[in-house]
Amino acid sequence: MRVLMVASELFPLVKTGGLADVVGALPRALSRRGHDVRVLVPGYRGVLEAAESPGPPVSLGDPLGVGPTEIIPAKLPGSDTRVYVLRCPSLYDRQGGPYVDPNGHDWGDNHLRFALLARAATIIAVAGAPLGWAPQVVHAHDWQAGLLPAYLQLWGRTRPATVMTVHNLHFAGRFHPALTSAVGLPQSLFSVNGAELYGVMSYLKAGLYFADRITTVSPTYAGEIQTDAHGEGLQGLLSARAPHLHGIINGIDDEVWNPATDPALPAPYDANQIAGKAQAKRELQEKLGMRVDPSIPMFGLVSRLTGQKGIDLVLGNLPLVIDSGAQLVVLGSGAAAYELALSEARRHHPQQIGFYRGYHEPLSHKVMAGSDFVLVPSRFEPCGLTQMYAQRYGSLPIVRHTGGLADTVTDSWAVPSVGTGFSFVDPTNWALGNAMWRGLQTYGTPRYDELQQRAMHRDFGWGPSAKRYEQVYVDALVGPVHLV
Ligand code: ADP
Ligand code: GLC
């Protein structure tokens with residue numbers, strides 16, 4: 001099958017979170033199954049320089065009246081995946097993140113930046129595609145690609161099948177209804193049967209309403225988003241579309257996340273030769289100025305520091321870390337209050353608390369390898385990747401029992417024969433602390449080694465999930481929905 005993926009992030013070209021990892025790895029897994037999968041990504045500053053073997057640009061004209069727009073065909077570094085970089089300097093060539101300016105504020109023209117992404121995908125996808133390649137299926141990821149199924153339905157003629165994947169329902173891509181016409185959509189789209197969501201226009205809602213099939217990134221989250229507690233106001237639509245909604249768990253990219261070949265680690269290791277893991281811990285302790293002692297139990301956390309991720313629960317358990325003589329290493333950035341609290345904790349307890357504020361890809365690998373336990377206490381978590389990376393790297397995950405965390409971590413006290421980590425249900429300091437305490441009980445005992453071996457031998461490869469996406473593509477092709 002020919003599939004065009006459309007996303008705002010793509011590892012290793014541009015990444016702020018797990019979306020990039022998924023869009024980087026899934027095309028390769030699908031291509032191993034014989035599919036021709038290409039990815040359309042905005043040409044932010046830096047993306048064009050990093051993409052390999054750029055070919056001659058193909059003009060798309062000026063589809064939204066924002067300036068000349070073209071596609072640069074290229075290759076994803078370190079892989080055979082073909083990438084279409086969407087070049088539109090007036091929208092993307094600027095200093096800052098994919099979604100926010102250097103001061104951390106949303107770009108004021110995000111409605112245009114991501115409408116153009118969907119619009120360009122539409123032009124590529126419909127008959128007479130200028131690239132000489134047209135997909136049978138377009139696969140839109142998150143709100144940034146949400147208008148794509150809407151544009152294609154409105155096209156009204158023969159079109160490829162559309163699949164919309166929700167990586168995080170919390171981000172709905174909300175804009176003022178008056179902007180509907182600016183992105184080339186009829187005002188009639190602003191309706192409950194369309195892109196309207198409680199009085200605003202939502203790109204995600206448009207995608208969920210118009211796509212032939214919907215997926216999200218774990219089976220548990222697929223159920224949760226149909227409830228009032230996690231539906232973000234979209235539970236009614238998602239329940240109505242339940243026959244077309246599938247929860248497919250993310251995999252991990254074995255080539256990027258493998259302690260036996262990881263260039264970020266001081267020494268390679270695997271389940272049979274675990275010694276290199278202690279070296280990773282030592283390096284981490286040295287690098288972050290903490291007490292250097294491989295026998296100290298270490299908790300690690302690599303995350304965006306936001307309300308979703310339960311950082312307050314970790315802060316609430318700093319006394320447990322200090323009093324038990326353990327160490328905590330945090331890599332991340334986000335809400336100023338969390339950053340400040342972590343900086344203060346580090347200042348008061350430099351031997352035990354390590355905090356690196358910012359985004360650092362190699363350090364994230366070192367934290368997975370050097371820690372004994374990896375914390376993921378999220379209030380909600382569509383899938384979550386670090387709990388899987390942790391297991392691959394022989395660190396036991398301590399997670400809240402929600403979303404994909406519930407699907408990828410079994411509590412080793414509740415189910416001793418198969419468990420590989422520790423989980424808790426209530427989003428309270430006490431419940432996380434209890435799970436951390438249970439982890440510490442195993443540390444330095446044969447039970448820890450047993451759990452570590454079991455965790456490292458688990459298969460989190462993309463193969464089975466790629467097969468499930470393939471089935472969804474086939475369903476969408478043979479059973480499209482007709483709404484307009
Ligand atoms: P989300 O996508 O909600 O942020 P995931 O667990 O799915 O959560 O993915 C997070 C990804 O981002 C992981 O690959 C993780 O290692 C990475 N990551 C998060 N924060 C940082 C950081 N500060 N530095 C490096 N990598 C980070
Ligand atoms: C989102 C979710 C995260 C998921 C990632 C990749 O950012 O918050 O849980 O793992 O997307 O699907």
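A helix crossing is called left-handed if the near helix is turned anticlockwise from the far one by less than a right angle, and right-handed if clockwise. Keep that for later.

What you have above is a predicted model, where local features need pLDDT of at least 70, side-chain atom pairs count only at pLDDT 80 or more, and totals for chains, interfaces and linings use all residues. Residues are numbered from 1 along each chain as its sequence is written, chains are lettered from A and ligands numbered from 1 in the order in which they are written, and side-chain values use heavy atoms, with hydrogens and water left out.

Overall picture. The protein has 18 helices and 18 strands. Helices here are DSSP runs of H or I with at least four residues, strands are E runs of at least two, and numbering goes from the N terminus. The radius of gyration is 23 Å, close to the 23 Å that the globule rule gives for 484 residues, so the protein is as compact as a globular protein of that length. That radius is taken over C-alpha atoms, and the rule is 2.2 Å times the number of residues to the power 0.38. Along the principal axes, the C-alpha atoms fill a box of roughly 65 × 45 × 45 Å.

Buried residues make up 59% of the 484. Buried means under 20% relative accessible area, exposed over 50%, and partly exposed in between, with a 1.4 Å probe and protein chains only. Contact means heavy atoms within 4.5 Å. Among contacts between residues at least 6 apart in sequence, 70% join residues at least 24 apart.

Now H13, residues 361-370. How many of its ten residues are buried? Nine, so the helix is mostly covered. The buried ones include His-365, Met-368 and Gly-370. The cover includes H9, H14 and strands S13, S14, S15 and S16.

Take H9, residues 275-287. The axes of H9 and H13 come within 8 Å and cross at roughly 125 degrees. Axes are lines fitted to C-alpha atoms, for helices over the stretch in contact, and angles run from 0 to 180 degrees between N-to-C directions. H9 and H13 are therefore oblique to each other. Angles under 35 degrees count as roughly parallel, over 145 as roughly antiparallel, 65 to 115 as roughly perpendicular, and the rest as oblique. This crossing is left-handed. On the H9 side, Lys-277, Ala-280 and Leu-284 are among the contact residues; on the H13 side, Leu-363, Lys-366 and Val-367 are among them. By class, the contact has six nonpolar, one polar and five charged residues. Nonpolar covers Ala, Val, Leu, Ile, Met, Phe, Trp, Tyr, Cys and Pro; charged covers Asp, Glu, Lys and Arg; the others, Gly among them, are polar.

H14 holds Thr-386. Thr-386 is buried, at 16% relative accessible area. Its contacts, leaving out residues up to four places away in sequence, are Val-302, Met-368, Val-374 and Val-376.

Leu-26, Ala-29 and Leu-30 of H1 meet Ala-466, Tyr-469, Glu-470 and Tyr-473 of H18. That contact has six nonpolar, no polar and one charged residues.

Last, the backbone. Most residues other than glycine have a negative phi, and most peptide bonds are trans. Phe-11 to Pro-12 is cis, with omega near 5 degrees. Pro-12 lies in the loop between S1 and H1. Ser-53 has a positive phi, near 45 degrees, and is exposed at 54%. Asp-142 has a positive phi of about 60 degrees, but is buried at 9%.
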